[in-house]
Structure formats: structure tokens, C-alpha cells
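I opened this entry to check two things. The notes below follow the order in which I looked them up.

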Amino acid sequence: MKIWIDGALVDKEHATVSVYDHGILYGDGVFEGIRAYSGRIFKLQTHLDRLLASAKSIRLTMHYTEREIEQAVRETVAANGSPDAYIRLVVTRGVGPLGLSPFTCPRPCTIVIADRIQLYPKELYENGMPVIVARRPRIPVECLDPSVKSLNYLNNILAKIEAIDAGVHEAIMLNTDGEVCECTGDNIFLVMGGRLVTPPTNAGLLDGVTRRFVMDTLAPALGIAVEERRFRIEDLFTADEVFLTGTAAEVIGVTRIDGEQFGDGAVGPITLQLMAEFRRRVSKDAPED
Ligand code: PMP
């Protein structure tokens with residue numbers, strides 16, 4: 001496997017970063033998770049926009065232009081002969097002396113990995129996924145805005161450990177006001193009376209590319225209305241369906257929360273329609289969007 005690192009494609013074994021990189025020392029940096037389907041990179045421009053916005057908000061000046069990064073992503077996918085890839089695009093703060101100041105690091109380190117991912121077992125897509133509600137809330141916007149996709153994922157990792165300890169793969173995270181926010185690596189939707197409801201980004205969540213795709217493309221194509229509205233855990237239990245979205249997860253139905261079976265225990269009909277529409281739109285015969 002070839003990894004793109006600071007302008008060169010190198011073998012995986014030689015793709016290394018310095019122990020003085022502030023990405024390692026302090027989790028200082030930003031990243032994107034992107035998919036390629038049949039050689040076409042899904043929503044690449046949207047991911048680049050988000051990467052640049054994340055970089056700007058942590059005052060990280062990119063070393064490469066947006067077009068150079070786009071080219072690096074395309075080159076890495078092509079070099080690995082992997083038409084169906086999960087791409088990890090990472091920009092760390094770069095090498096500097098010990099100490100938190102990011103301004104001592106003259107050059108960020110840019111990395112592109114084109115690998116594969118199977119986030120959740122296949123059967124969970126058919127049968128639905130059990131989740132828990134994490135006790136740990138999502139980090140508040142005033143502390144570290146979750147709309148910045150930074151290398152600081154410990155808040156999510158600790159909630160993920162709660163999920164794994166409970167024997168499930170994912171945890172719903174609330175914000176510090178007790179409202180449903182998102183999951184450790186996915187956004188959340190509920191279906192109520194035939195409409196989709198999802199928390200607004202100012203509830204303190206990452207504005208997921210897949211979330212937007214559901215809201216702006218898949219739901220309208222199926223004639224399903226979408227509403228952004230804050231809601232609480234009680235609303236999840238009275239909803240008709242619950243599903244999660246993410247670049248790695250795609251669209252997956254939730255059928256159990258905190259051990260309690262939800263609805264009739266099967267993936268709901270609207271979730272199934274959205275999953276099918278998603279597949280159709282990323283298939284190799286679909287027109288490029
Ligand atoms: N929320 C969090 C915390 C995430 O890390 C992710 C991405 N893994 C998402 C939501 C989903 O975003 P996207 O659809 O852009 O992958």
C-alpha cells in the first residue's frame with residue numbers, strides 16, 4: 001500500500017511522522033474521512049471545504065493548496081488501485097519544539113491514506129443496530145466546537161469505550177443541556193409521522209457530509225420532509241424509527257437503545273428506503289453528482 005505524505009507516495013512501512021509532530025504530542029491537527037465508490041470520490045469538494053474550515057478555525061495554515069490536496073487524494077486512490085476505498089486525509093500541525101504553541105511549527109504534515117473500512121458488521125445493516133446512550137456528554141461548543149473535525153477525538157473515544165463495555169458498537173451522545181446530539185462517529189436522525197428529524201448543528205455536533213446528503217438529496221428524492229430540531233432521549237423512544245449516518249457507517253438503522261427494543265425490532269421502512277437510495281446513488285451507474 002502506498003501512502004501520500006508531504007508530496008510523495010511512499011510504502012506504508014516508510015510512511016512515518018516525527019515524534020515531535022504536534023499532531024502526536026497534543027492531538028493538534030484536522031482530518032477528513034472520505035469514501036471512493038467505483039473509483040469516484042464521493043463529495044470530495046464538500047470534504048475539502050470542511051477540512052479547510054476546520055484548519056481555519058484552529059489557525060492552521062495549510063502547506064498545500066486545495067487543488068493540490070484534491071490531486072493528492074486522487075493520486076493516492078489511483079496508486080492503490082482501490083476503486084472502493086476509505087480515504088483518511090490528515091493535516092497535523094507539524095514538527096515543533098515541546099510546548100503547546102502551534103506557532104512554533106513551521107510546516108504542517110499532510111497525509112493521505114486510501115484503505116478500506118468495515119465499521120459495523122454487515123448483518124447489523126440488515127437487522128438493525130443496538131446502541132447505548134453514553135453517560136459522558138459531547139464536548140460543549142464553547143470548549144471545542146464539534147463542527148471542527150480535529151485530531152482531538154478522546155471525548156468520542158471514551159464514549160465509544162462505554163459502548164464497547166456495554167457490548168454494542170455505537171453510543172448516542174447528549175450535549176451538556178441533555179439534548180440528543182450525535183454519536184461517537186455518526187450523526188443521528190429519527191423518523192416521526194413520516195418526517196425526518198435531526199438536531200441542528202448548533203446543538204453541538206459535526207455537520208456530517210452524509211447527514212447533509214440525506215437531508216438535501218436522499219430525503220427530497222423520496223418525497224420525505226426533514227426538520228432540524230432539538231430533541232431529547234424521550235423523543236427517541238417515541239419515534240417510529242431511528243437511524244445513523246456517517247461516511248464510514250453510511251446509513252444504518254437502530255433497533256435497540258440501552259437494551260430496550262425499539263418499535264417492532266426491525267429496521268424501519270423509511271430507513272430501508274434511504275439505505276436503498278443511498279446505494280443507488282453511489283453505484284457505478286449513477287450519474288456523478
Ligand atoms: N459525527 C462525528 C463525531 C464524526 O466523527 C463523523 C464522521 N465519522 C460524523 C458525525 C459523520 O460525518 P460524515 O457523514 O461527514 O462522515
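**Cysteines, then a helix**

I searched the whole structure for disulfides, counting a pair of cysteine sulfur atoms within 2.5 Å, and found zero. The model is predicted, so I noted the limits: local features need pLDDT of at least 70, side-chain atom pairs count only at pLDDT 80 or more, and totals for chains, interfaces and linings use all residues. Residues are numbered from 1 along each chain as its sequence is written, and side-chain values use heavy atoms, with hydrogens and water left out.

I looked at cysteine 105: its closest cysteine sulfur is in cysteine 109, 11 Å away, which is too far for a bond. Cysteine 105 is buried at 10% relative accessible area (buried is under 20%, exposed over 50%, partly exposed in between; 1.4 Å probe, protein chains only). For cysteine 143, the closest cysteine sulfur, in cysteine 181, lies 13 Å off, again too far for a bond. Cysteine 143 is exposed, with 58% relative accessibility.

Next I took helix H5, residues 154–165 (helices are DSSP runs of H or I, at least four residues; strands are E, at least two; both are numbered from the N terminus). H5 has twelve residues and spans 16 Å from first to last C-alpha, close to the expected 16 Å (1.5 Å times one less than the number of residues).

Which residues of H5 are buried? I listed Asn155, Asn156, Ala159, Glu162 and Ala163. The face turned away from the buried side carries exposed Leu154, Ile164 and Asp165.
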